[in-house]
Amino acid sequence: MTTATSDTGQVASAAPATPANLPLRKRPFDIFFVVMFSLFSLTCIISDAIPTLGIPQTATTTNILAQWNYTYSSQYDPLYMHEALWLRFITGTSAFVYLPFYILLIVCLVKGFNWIQLFCVIYATMIISLTAIPIFGVEFFGPVGERTPNPVVFLLYNGPYVLVPLLLLIRMRKPMPFTRRF
């Protein structure tokens, strides 16, 4: 911090300089987020685009992604097989809104662009409130045909989609997130 004397003889201090961003290698949580959101990008394409585009998820479909979705949902996630309209809105948001955000977020994490902070807070809040609550609510408390038959496996598959945004929300709790380790 520097000081200067004004014409009136008063001492004025200059504003402290903005701290420099840490390089990515010194932000291990951000490396974790880069890996996780890269995986989330793939799952947006593999699983969320299929029901949104109305591609049938059956055992006999020729679309390999739809076959994968069918294998998963027929064993662990019957709600996903029903393709309810409200669920298609959620998967559509994931495939066509979250996917571009994930790509932007990965770039911002790597480059250390602090302006992404507000968008991270908005995203994490949306995921938790608009996705996790209705889907988990139906999977655990909904009608028998839509409830997961195996809650542990369901949580192993789907838990990270709530926990990682929650961790991102905590990570982005203070201004200038890339100037600190966490």
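Visitor: In which hand does α1 pass α4, and what makes a crossing left-handed or right-handed?

Guide: The crossing of α1 past α4 is left-handed. That term applies if the near helix is turned anticlockwise from the far one by less than a right angle, and right-handed applies if it is turned clockwise. This is a predicted model in which local features need pLDDT of at least 70 and side-chain atom pairs count only at pLDDT 80 or more, while totals for chains, interfaces and linings use all residues. Residues are numbered from 1 along each chain as its sequence is written, and side-chain values use heavy atoms, with hydrogens and water left out.

Visitor: Why are α1 and α4 called roughly antiparallel?

Guide: The axes of α1 (residues 28-52) and α4 cross at roughly 155 degrees and come within 8 Å. Angles over 145 degrees count as roughly antiparallel, under 35 as roughly parallel, 65 to 115 as roughly perpendicular and the rest as oblique. The pair α1 and α4 is therefore roughly antiparallel. Their contact comprises 17 nonpolar, six polar and three charged residues.

Visitor: How is the direction of α4 relative to α5 known?

Guide: α4 packs with α5 (residues 117-141) at about 150 degrees, the axes being 12 Å apart. That angle makes α4 roughly antiparallel to α5. Residues of α4 including W86, Y98 and F101 meet residues of α5, among them F119, Y123 and P134, where contact means heavy atoms within 4.5 Å. By class, this contact has 16 nonpolar, two polar and no charged residues.

Visitor: What makes the pair α6 and α7 oblique?

Guide: α6 (residues 151-158) and α7 (residues 160-171) pack at about 40 degrees, with axes 6 Å apart. The two helices are therefore oblique to each other. L155, L156, Y157 and N158 of α6 meet P160, Y161 and V162 of α7.

Visitor: Where are the kinks in α4 and α1?

Guide: The kink in α4 lies at Y98, shortly before the proline P100, and is about 40 degrees. In α1, a kink of about 40 degrees is centred on C44. The bend at a residue is the angle between axes fitted to the seven residues ending there and the seven starting there.

Notes:
Helices (H or I, at least four residues) and strands (E, at least two) are DSSP runs, numbered from the N terminus. Axes are lines fitted to C-alpha atoms, for helices over the stretch in contact, and angles run from 0 to 180 degrees between N-to-C directions. Ala, Val, Leu, Ile, Met, Phe, Trp, Tyr, Cys and Pro count as nonpolar, Asp, Glu, Lys and Arg as charged, and the others, Gly among them, as polar.
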